[in-house]
Amino acid sequence: MLYLFNSPLGPISYRWDGEACQEVSLSAQIGMPESVDPVSEWLNAYFSNQQAPLPLLAEAATPFQERMRQGLLAIPFGEVRTYGEIAATLHTAPRAMGQALGGNPLPILIPCHRIIAADGLGGFSCGIEWKKKLLKFERSF
């Protein structure tokens with residue numbers, strides 16, 4: 001089921017099937033209810049700069065995407081890495097890293113917004129404005 005979370009940065013919708021979070025969208029969808037579930041609890045903690053265990057997430061589609069998830073989860077709140085740095089950590093190419101990040105169905109939960117280009121922000125599948133807001137938000141703590 002699709003649910004809505006009203007964050008201080010804008011509406012977030014997510015698909016929670018009662019067991020795992022399947023996807024996150026940094027936009028609102030009409031008619032979605034708000035919910036109290038592990039995803040909304042994690043988002044409440046995130047936006048309060050508190051630690052909370054990640055809700056169960058849909059399985060990564062490939063072993064590479066699972067490695068990418070683990071690499072992204074190792075980046076502390078408020079910090080960034082470049083595509084090259086994360087690619088070196090995961091023993092892959094920056095371009096492959098960028099493509100995998102663009103297909104991340106769980107932004108914020110899997111913090112792909114913390115990856116930047118060596119010469120600027122780089123891209124973000126949810127739009128550069130969301131990336132700017134998330135990075136500014138995390139730096140404020």
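## An aromatic cluster

F5, W42, Y46, F47, F77, F137 and F141 form one aromatic cluster. Rings of Phe, Tyr and Trp (its six-membered ring) count as a pair if their centres lie within 6.5 Å, with planes under 30 degrees apart called stacked, over 60 edge-to-face and the rest tilted. By this rule there are ten aromatic pairs.

Here is how the model was handled: it is predicted, so local features need pLDDT of at least 70 and side-chain atom pairs pLDDT 80 or more, while totals for chains, interfaces and linings use all residues. Residues are numbered from 1 along each chain as its sequence is written, and side-chain values use heavy atoms, leaving out hydrogens and water.

## Around Y46

Let's look at Y46, whose ring is edge-to-face with that of F47, at 4.8 Å centre to centre and 90 degrees between the planes. Y46 also pairs edge-to-face with F77, at 5.5 Å and 70 degrees. This second pair links distant parts of the chain, 31 residues apart: Y46 is in helix α1 (residues 38-47) and F77 in the loop between α2 and β4 (81-82). Helices (H or I, at least four residues) and strands (E, at least two) are DSSP runs, numbered from the N terminus.

Y46 is buried at 4% relative accessibility, and F47 is buried at 10%, whereas F77 is partly exposed at 29%. Buried means under 20% relative accessible area, exposed over 50%, and partly exposed in between (1.4 Å probe, protein chains only).
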